[in-house]
Every structure is written in structure tokens, then in C-alpha cells.
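Let's take a friendly walk through this model, one local feature at a time. Keep the viewer open and follow along.

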Amino acid sequence: MNAAALCRLLLMLLWPLAAFAGEPPTEPFLRIEAGGHTSAVPRLAIDATGHLMASAGYDKTIRLWSLPDGTARAVLRPPIGPLQEGEIYAVAVTPDGRRVFAAGATGGTWDGTFNILIYNADTGTLAGLLPGLPSPVNDLAVSPDGTRFAAGLAQGGIRVWDATTGKPLATDPTITAPIRTVVLTRDNRLFAAAADGHIRGYDPAGHRTLDTTLAAGIHPWGLALSPDNGLLAVTGETADKAGHLHIEVLSTKTLAPVFTPDTSNLQGEGLLAVAWAHDTSGGVQLLAAGYAHDAKSYLIRRWQDFGLGPFTDIPAAHDTIRHLVALPQGGAVYATEDPGWGLIDGTGTIKLAPTPPMADLRPSRDHRLAISPDGATVEFTTATGPKRFSVKDQTLQPETTQNPTLATARIEAPGLTLSAWKDSSAPRLNNSPIPLEHTEIARSAALLPDGALLGTDTHLRRIATDGRTQAIIDLTAPAWAVTVTPDAHLAVAALRDGTIRWYDLTPTHITERASLFVTADATSWVLFTPEGFFADSERGGDDLVGLHLNRSCKQQPEWLSFSEAFRLFHAPDIVRARLAGDPTPARTKLAERGDVRARLTHRPGVAVVSACQTQANGTCPALASRAGSTLTVPADAATLRLTAQITSTDPQNGVLDIFVNDRIAGRFKAATNTLTLNAPLDPGPNTVQLRLYDSDGAIFSQSPPLQIERATATDTPGPPQGRLFILSIGIDHFANPELSLHFAVADARTFTTAIAAAAKPLFRSVEITELLDQNATRPRILAAFETLAQKIRPEDTFLFYVASHGVVDEDNGHFLLVPQDMSDIATWQTMARQSIDETTLVTELARIQARDALLFLDTCHAGKVTADSLANVGHETGRYLLTASSSVQEALDSYDNRNGVFVTAVKEALAGKAGSDADHDLGALALGEYVSRRVGQLARQKGHDQDAQFRAAQRDLRSFPIARISQ
């Protein structure tokens, strides 16, 4: 392409957006979203104030963070494709923090060229593209004055543009080696480090004026300018012949050596990152890192006095440190392959350490990956210890004793020899080479009866004895471990992104059955199929995975989390069937679900456009934002008035919910595009967010969260001691005698008596509403909710217990709570009219302002409702939910001729068997987890199969006291 053509192309940059022949793939991509990077972070960038940071990820995301606290601000998603397409290698931020540039392997598979993506940092949306680059971009830099930015390419040298107009200012395509790093000085000179060993300097006009190399065999990687721009620190990616790690300080005027900082006793294969940073006394320190490590950690070496003074080595990460960026307030941030990033302050103290969001499945000396013959149980090792996952029970437990019947990988067998396969690009089977793609590296292997299964950075391959690949499937991350069942029909792989994945094996095909993602602390997990159906842990997981749907290459992709489409995706029974080898239920449900992309096209949007704090005199002064979307209210503020703006192409929107601190606090009809809503506030800080559902209530969109802080007031007392409100319902005798039960009333009475007695020492008062038999009609239940909604305040606690029938409407899949006055059960339509359907139940619960609440739904007596169906209630209310049965089971009506197993388990917990805290208090989490385990044990004592389930829908797993245990 000649210069004139390139200029015309670049001038179409994003002012306006260009049109392209190729477009990204349209099929949905299932992606992990755990709140942080799940793959290596190669680059970081900050604004001029040091308060906004952007991180680039091999996981195909760019993330924005607030500094110095490290709060996540936004996730920026590029158009993506299979394998490396969409990986982000470079990121830059304009000094004013308004724009973010990102690039990497972006666009090559559909356009033949590569793009630099430009995002609006305030909205987190794609604002435009810089297209037409001949190769992926390895690094980006914005000049300190914000007037220009530069890119270093994997092939094609360096490019410089005007940051305001997109006009090309300079290019040097003569460099054939990959550019590793580019930096711009205050007077717009450019320096570039390349893999050919050269460091090149360019004047502001783009003319190459300087060129030098480091010591023989040392390839420069990291570059950093001193605060006065007079010195250039350079790190080398390889050690010298004597094994010494290399860093050199050069003059920016001549690139002549000035001094060499002391790297003695520093072990590793090279240094990749370097930065000059201010310390707390106003001096300048030099920081360098990379592969340097000791026996436990990867290190940052910190020299005092510009690098001339003494040094200290600071343990900073568990994997390679790829980048260092100085902060204007002192110290620096650093990017790692842990994955994650950290912050080191001006004293050399690690203030924020890298915190990967997923289970660490990297191989270690005691690593174990094992699978049962039917694939229903897997054991694997994480950084928090060995784990066992049961598909049947859908439980994740610590592994205390290894199960010898589970198969681990064989790498030795008669007649089969694997060699040179570990971390190698040239593996062999029976001395036959196994051809791999360029840059593909083998990481794991397991022998089959007639060959081998090879896990690499990019693929899972079935290998014949002559080294040929018989079957292959793309991977989302390197396969750290693989193993197969004894009959070799099923494989499981542990991937770098924190997933355990099951694969069907045939001689010619490898197909994925399902994937398990586990959080770093192993408290939450999500199990999902390739079709997008999922099950999750008691402590949630629906927000850990979602669908990435590309639009055009110049448009922001759509993102739909499992949480936002809970009704469409949550299907534990389908997941069980899929893992048992039966894909039919998933295919059937997939057809019923319809075109998700079309649903997204019509998904309404919602935003908060103004907020004010209501006063007793009826006024409502507007609230000013302190920083971003953080609002400050008086210490005694009780209600926030919001103006919500709805954007929609569908004239029939669904309901609009207010969520306060992850629980529902109001449900409204979205009849107009502008709504005024009142949000009750909790004591202390609050997060307020709106959920707007589409017309059939299957998908919702969310407004950006509002963070609410309270002004400090030394003379304002703390929140008053709360009250406990109990609504207990039990029905034995229905209007229709066919529905009769035997112990529901007794269960409701026992529950109320036991809870009230144990809770009395904790609360200012205990107020009980008990509706039994003829008093538990639909009108009286709704009237009870109406009365309680008028009484209960945010500082109170609410417990809701119901022992009755529950059914699932086969017409729409909705849960129906059966009241006493249901008489006609001939059709689903008549039952729905007489029942309290889940929409009504959620609406009533939305009016209960109590910050703390737990729902006890003992509604499975007829075996026609499952906890999977009831999960919608927990998800749409954000309340802790404890149900009596987790599968299609008939609840055991009596355990001891007095109460059922559910209430019996609750009584045991209140008697102290669930444990208690230091104050002898029993919390909601401990109660829920004990009952969910104990119900199955009690039922099996009676030869019955029943398992309770506890679900915690809130992101913040904050427990709250329910009872005090007698000593």
C-alpha cells in the first residue's frame, strides 16, 4: 500500500468509521467473566493523574480500574474469533483519561489486516477503529501531551499518528523483527526495542537518528524513560553468556551507555519490565522485573538513587512480570502472567498483589487430574488444595482421600512411547514427530490404547501411533493437564483459564460435553454446556460466564451474562443429561430458547439520569457526583429518588426492578420511557442498580451501578437495633381435598416457635404472622405481605416460611405456590389464576425493605416442583433461598410423626449442630449450608431420597445473625 492510499485509509479512522469487506464471526462465544483477567496481562496504561488504569489481556478483554484502590470500573470487549483472534497485547490511555487505545491480534482472521481499537473510557464503548495494519500490534504508546500515539508491530516496524485527527505522522516499515516496546518522550521523540537486538531512536519528524545494540546475545525488551527524559533504561529478554540478567541505562541523546545497575544474584531467563518511579522522599528509584525469581516468587528488583544505589528484591508475583508503569504519585503498577496486576508504593511495599479470579490449575509436583469411568466425578488440584466435583450431586468438595478407582493420565505403556512432549514444540510418539502449528507448544499428554491425547496451548489433539493428528478441537486456553477414562471414550482437561472441560472422544472427532469454572477461593462454581445451559453452586456463579456476540467489526459486541438471562440458561437437569452423554434435552431446549441474538436486538436499556435525596418537608435536592458515579447523601438519608430513562425498540417492556445492595427493593411497571422511582437506602454504604426485563421477562439489562456514600456525622447515632419479622404459612386442609397434607401445619408451628425462641436475644422485638389452614388463602397471604411491607424497615430482618404444595406451570415454566383456597386443579390456566405465581411472589417480596432476609420454601410435598424451578425466585429477589428438595422428589411428609425432615434439620441447626460464631450466634450462611446437607442424611435414614438446596443470590456473601445458640 502506498503512502497516499494509507493516508486516505487512516483519515477514515474513526472520524467517521470505515467500512470493511470482512466481518467477525456471528456465532455466540461462551466466555468466562469472573471480574478479572483469566489469562496473562502483558501491558498496563494509566492516565496523567494515575487514577485510571487500563489492562490488556490475552483473555480478549481490556479492563479499566480505579487507582489506588484497584476497584474495577469497566470491561471493554473487542470483536473476537477462535484461537488467538481478539487477544489484546497492548493498551494505552490518553493523558486526560478519556480514550483508551487497545490492539493485538485484532481483525486478522476476517479482514486480512489488523486494527487498533479506540474506546470511550467514560462509557466503556467502542468509539472507532484504526484499520489496515499488516500484523498484530505488540505495544502502544501515547505521548505525554496527548498529541500523538505510536504502535510497535509484530511485523512492519513502527507507526505514529496524530492522536486528534488520525493523520499518519511517521512510519518505519523496514524493521523486519517484532517490535517489543515503544516509548514517546515529552518532546515527541520515539524509542523502540526490537527482537533483532536493536534499540532505535526517532526525532519528532519520524526520522531514525539513533541505532544501537546491547551486549552480544542480549535482546532488548523493556524500555523506560527517566522523569527528566534524559535517560533510557533497557532490559534484556535473555541472560548473557554468563547467565547474568541484563539492564542498562543509556543516554536518550546518543543511546550511549551511562551505567549498568547491579543485577548480581538475580536468577532467571531475562528481564522484561522496567520503570523509573518516585519514592516517598522525592527521590527516584529504578524498578525491573520479568523472569527473575527466587524459590517462591517472581521478584521486582528496586534500586535507589536512579539505579545507582543499593537494591532490594521484592516478592511480587507467582508468575512472570510482563510490564511496569510508574505512577505520578510514586510507586508503580505491574502486569503479570499470574494472571493479574499489582501495585507497589513509593516505599517498595506491595499494596495490591495480583489476584487471579479463577482456580489455579497449573501443574505442580503434587498435581492430580483424575476421572471416574462414567465421567461423573473428577478430582483436580488447585492452589487451595485438591478438589472433587460430583456431576450427579453438583457439589464441589475438598478431596480428603484420593479415590483409587478414578483414572489419571498414563504417559507410559507397553508399545507406546511419548517423548519430548512437556513444554515442547517437537513432541514425538513412538519416535514419530507430531506436527504442530507455528508457535504451538505441547503442555500435557495422556496415552490411549491406540495412540495419545495431546494438550497444547491452542488445541486438544488425538494422535495416531505414527504421529498423525486424527482429531482436533480448539481450546480457549492452554491445557495444563489431560486424562481419559479407561475405555478412552471420554477425556477431561484442566485449562489455564480455570476451567475443567469434558470431551467425547472418537477415532475421528473430539467434541466438548461441558465445562466447569471454579473461582480462586473455590467457594463458587458454574457448570455449563456448549449450548449455553448452566448449573451453579449454592453461593452463585450465574455471573461468571456469558455469551459474547460480535456485531460488525466497527461496533461494540453484545455481552449477555447467564445472570441477565437466567430463565433462558439455568437448566441443571439439562447439564446433568449432557454430561451423561445425552445431548437431546439440550438440543430441544436450544430450539425452544430461540434466537438469542434477536432477543438482544430488542432488549430494552435503562439508565439513571438524575438522583435526589428525599426530605421530610417534601423537597428533594439533587445529588452531585463526587467521582464517577459515587454520590454522597446525609448520614440519616432513608430514600433516594431516581429518574430512570428507558430506551427500547419493543413497545411492551417488562418490569423494572430496583436493586439495593444486590437485593430487590422495588418492582414497577415500565409503562413509559421516563420513570420516577424511590429507592430505600440501607444504613451505611449502598449500591443501587436498575434491572429492566424484556417483554416476556426472560432477559434483563442493567443500569451502571450507583455507589452511595454517607456523609460522616459524629453526633449521628448508629442504626437502631433491628426487629425480626416472621411470616409462617402451613396448610394441611385445602379447599380441594385431593391436595391434603399431614404435617405442614405442624411444620409451620414448629418453625415459628423454634426460630422465635432462639432469635429473641438478638432483636429488639420478634413479630410473628402465622397463617395456617383456612387462614392461608390467597387474599390473606397477600394482605399479610401488604401489612409487613408497611412495617419493615431496612435495619430489620425478615424470615418467610411456607409449607404447602408447589407446582411448576407446564405452560410457561413458572413456579406456583398453592394457597388453601385453590379448588380447581383441572387446567394450568385455572391453577395459575388461583395460585400465587412466582411473579406475584417476587413483587410482594420486593416491597419488603429488610436488608437481611431468608426464604424457607418447603413446597415440594407433591414432588412436582424442584429447587431448580424455585431458583428463579432467589435470582430475581437477591434473597437467600433454602428449599426442601433439589430434584424431582417428593418431600418426606414426616420424619418423626411430628415434623418433616426440612424442619427437623432447621431445629438441629438452632440447637447448635450447625455451629456458631464467637458470640454464639447462628448466621444465615451457616444455617443454610447445614440444612442443605442435613436434609438428605435424615431422609436417607428413612429410606427416602431428598436433598435440600441453599442458594445465595447476592454477590456479597454477607451473613447475618438469625439465632443465638444456648450454651
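Strand E49 (residues 545-549) pairs with E50 in the antiparallel sense, over four bridges. Strands here are DSSP runs of at least two residues and helices (H or I) are DSSP runs of at least four, both numbered from the N terminus; two strands pair if DSSP finds at least two bridges between them. Within this pair, Gly546 stands opposite Ser561 of E50.

Before going on, a word on the ground rules. This is a predicted model, in which local features need pLDDT of at least 70 and side-chain atom pairs count only at pLDDT 80 or more, while totals for chains, interfaces and linings use all residues. Residues are numbered from 1 along each chain as its sequence is written, and side-chain values use heavy atoms, with hydrogens and water left out.

**Sheets and a hairpin**

E49 and E50 belong to an open sheet of three strands, ordered E1-E49-E50 with antiparallel pairing. Strand E1 (29-32) and strand E50 (558-561) are the edge strands, each pairing on one side only. On average, neighbouring strands of this sheet are turned by 35° against each other, direction ignored. Such angles run from 0 to 180 degrees between N-to-C directions, and the axes are lines fitted to C-alpha atoms, for helices over the stretch in contact.

Another open sheet has four strands in the order E6-E7-E8-E9, again with antiparallel pairing. Its edges are strand E6 (88-93) and strand E9 (125-133); each has a single partner strand, so one side of each is left without a neighbour in the sheet. Here neighbouring strands are turned by 20° against each other on average, direction ignored. E6 and strand E7 (residues 99-104) run antiparallel and are joined by five bridges, with Ala103 of E7 as the bridge partner of Ala90.

Strand E41 (residues 459-464) and strand E42 (residues 469-474) also run antiparallel, joined by five bridges. Arg461 stands opposite Ile472 in E42. The hairpin of E41 and E42 has four residues between the strands, and Gly467 takes a positive phi near 90° in this hairpin.

**Helix packing**

Two packed helices are described by the angle between their axes and the distance between the axes.

| Helix pair | Axes come within | Crossing angle |
|---|---|---|
| H12 (residues 901-913) and H13 (residues 924-941) | 8 Å | roughly 130° |
| H7 (residues 744-759) and H12 | 10 Å | roughly 10° |

H12 and H13 are therefore oblique to each other. Angles under 35 degrees count as roughly parallel, over 145 as roughly antiparallel, 65 to 115 as roughly perpendicular and the rest as oblique. The H12 and H13 crossing is right-handed; a crossing has this hand if the near helix is turned clockwise from the far one by less than a right angle, and is left-handed if anticlockwise. On the H12 side the contact is made by Val901, Phe902, Thr904, Ala905, Val906, Glu908, Ala909 and Lys913, and on the H13 side by Leu927, Tyr930, Val931, Arg934, Val935, Leu938 and Ala939. Contact means heavy atoms within 4.5 Å. These residues divide into eleven nonpolar, one polar and three charged, where Ala, Val, Leu, Ile, Met, Phe, Trp, Tyr, Cys and Pro count as nonpolar, Asp, Glu, Lys and Arg as charged, and the others, Gly among them, as polar.

How do H7 and H12 lie? With axes crossing at roughly 10°, H7 is roughly parallel to H12. Their crossing is left-handed. Asp747, Thr750, Phe751, Ala754, Ile755 and Ala758 in H7 meet Val903, Val906, Lys907 and Leu910 in H12. By class, this contact has seven nonpolar, one polar and two charged residues.

**A disulfide and some backbone details**

How many disulfides does the structure hold? There is one, counting a disulfide as a pair of cysteine sulfur atoms within 2.5 Å. Cys612 and Cys620 form the bond, with their sulfur atoms 1.9 Å apart. The torsion about their S-S bond is about 95°, so the disulfide is right-handed.

Most residues other than glycine have a negative phi, and most peptide bonds are trans. Against that background, a cis peptide bond joins Leu67 and Pro68, with omega about 10°. Pro68 lies in the loop between strand E4 (62-66) and strand E5 (71-76). Asp338 and Pro339 are also joined by a cis peptide bond, with omega about 5°, and Pro339 is found in the loop between strand E27 (332-336) and strand E28 (340-344). Finally, Phe306 has a positive phi, near 65°, in a residue other than glycine; Phe306 is in the loop between strand E24 (298-303) and strand E25 (311-317).
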